[in-house]
Amino acid sequence: MKVLIVGGVAGGASAACRLRRLSEDAQIVLFEKGKYISYANCGLPYYIGGTIKDKDRLLVTKPETLRSRFNIDVRVENEVVSINRDKKTVTVVNHADGSRYEESYDKLILSPGGNPKRPKLPGIDLPGIFTLRTVPDTFRIDEYIKEHGSKSAVVVGAGFIGVEMAENLKERGLDVTIVEFLPQAVSNLDPEMAAILHRHLRENGIRLMFGTGVKGFEQKERLCVRLSDENELPADLVILSIGVAPDSSLVKDAGLPLGIRDSIRVDDTFQTGDPDIYAVGDAIDVKQFITGEETLLALAGPANRQGRAAGENVLGKRIQKDEGVIGSAILKVFGLTAASTGLNEKQLKEKKLPYLKTYVHPSDHATYYPNSTQLSMKLLFAPDGKIYGAQAVGAAGSDKRIDVIATAIRLGGTVYDLEKLELCYAPPYSSAKDPVNMLGFTAANMLRGDVKPFYAEDTDGLDRSKVTLLDVRTPEETATGMLDGAVNIPVDELRSRLSELPKDKPVYAYCAVGLRGYVASRILTQHGFDVYNLSGGMKTWRDVH
Ligand code: FAD
């Protein structure tokens, strides 16, 4: 069997290697239009920031290795320009010598990735405006900064790549402004979780401009970014990171069906509309694991796994069926890590799925062991307990907690499963009740009716004449400010001061992070009060406000 693979990075290289491991007989040709294969896209920002110093470290595998170890015919600087389905050939242009040739296939696997969006704005082609996708893009940015002694940068778009670039340009000593059309950065997080990152970015000297679009660019004495609010922002360097469009040009020209937003449509075996052509990676549409809806997900893990499955499926012996993507992602932002999995609250609202949520702010490990730090976590779940998604931001430990919850989602888990999970514990690593268990406890308490939550966004609308807003923190804590109209009874004095609370009004209790508010609500509920507890306490309230 002769298999041609288009694209030599995440999906393509994975497909080629898996195929070879399963079949010594297959003839495998890997086409890559660029100079490099199997490079570390995800590491590129860190080369610009100087964390990765050696260019070679960006190349995960070299063509020689794929040739010698896997007997793969690797052809770099060879671009597949068309698929001729009737003849079962592709037309290839060799950019090294300008030649053009046809290559036949039995099966074809496409992993062409996506193209960074570069809208046709006035001045878009001026020098100093870059996108980042490939190794040569990285070297171009690096050399431009060196040559021009760039001191300031505007990063357009506050998604993962934008925020990583902002951090790395700052680490390199540039003055950085992020311009973002949306009201928040990193849109897979909900706004109150992203707010923690916004504060941290500002504390680290990044200027943030939200709700602001870019109208164009102009070369005056310096390069200027023209903003939607009619202001101008001078910059020595502009990074455009406003998203990636799936590259479906080959299948479009070949008359194969397209998926959402011009992606390549595939079935659950990664087969396109042609049984001999498969596609994987950023270019394809995928099924959202929880909702079953079509979606796009430009991440390396899914691309690698899809490539691995397609490499097996073309052989036709065992078929790896795709079950969809959850959407687990992680981002370093200076000293913080933000991780998320599954659906966020914005998506649940949009899809009109009934949901509940809980916030906790536990320590990443036992507080009596040095250097513990506080995590902020949010769990979204269905009324029957099924987990929809989770988000975590903190200096340490967000990654493993979100990975555990992603695993639970993948296995169809509920909040009751999170309660029962038996996770590793010793003081330097966690607490005997791991933060994931804490999310399970608080969520299950809500579902069992042991606690009724209220949320930070509800506080403004509470009619103070009809409810008692009860702050159960200590006077030392309340000295820094209480919610408007609140009364203070510290939780440890509550049992002896019950008579101070009117029984004919619901009590809305709150504390610093929600734990003492919960204890107070249990005391009051058992004394006949109608009680609600502020989920996430004042910590979440401040993130929301
Ligand atoms: P790619 O890896 O982009 O490979 C496609 C290749 O196909 C390209 O090299 C292209 O030149 C080649 N090609 C296209 N058309 C042709 C043709 N006609 N002929 C020959 N060759 C062709 N994901 C994460 O999960 N975590 C991260 O931290 C992360 N960070 C990232 C940081 C940056 C700066 C970038 C750019 C991406 C990052 N990603 C990250 C995304 C991740 O890299 C992609 O999801 C993944 O590489 C997609 O794999 P792919 O095989 O679909 O496409």
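**Exercise 1.** State how many helices and strands the protein has.

*Solution.* Helices (H or I, at least four residues) and strands (E, at least two) are taken as DSSP runs, numbered from the N terminus. On this basis the protein has 15 helices and 30 strands. The model is predicted: local features need pLDDT of at least 70, side-chain atom pairs count only at pLDDT 80 or more, and totals for chains, interfaces and linings use all residues. Residue numbers start from 1 along each chain as its sequence is written.

**Exercise 2.** Determine whether Ile109 is buried or exposed, and identify its contacts.

*Solution.* Step one: Ile109 belongs to strand E7 (residues 107-110). Step two: a residue is buried if 20 or more other C-beta atoms, placed from the backbone, lie within 10 Å of its own, exposed if 12 or fewer, and partly exposed in between. Ile109 is therefore buried, because it has 30 C-beta neighbours inside 10 Å. Step three: contact requires C-beta atoms, placed from the backbone, within 7 Å. Apart from neighbours within four places in sequence, Ile109 contacts Val3, Ile5, Ala15, Tyr278, Val280, Ala310 and Val314.

**Exercise 3.** Identify which residues come nearest to the ligand and which elements give two or more residues to its shell.

*Solution.* A residue counts as near if its C-beta atom, placed from the backbone, lies within 6 Å of the molecule. Of the 33 residues around the ligand, the nearest are Gly7, Val9, Ala10, Gly113 and Gly281. Two or more shell residues come from each of helix H1 (10-22), strand E2 (27-32), helix H2 (44-49), strand E4 (78-84) and helix H8 (300-313).

Methods: Two residues are in contact if their C-beta atoms, placed from the backbone, lie within 7 Å.
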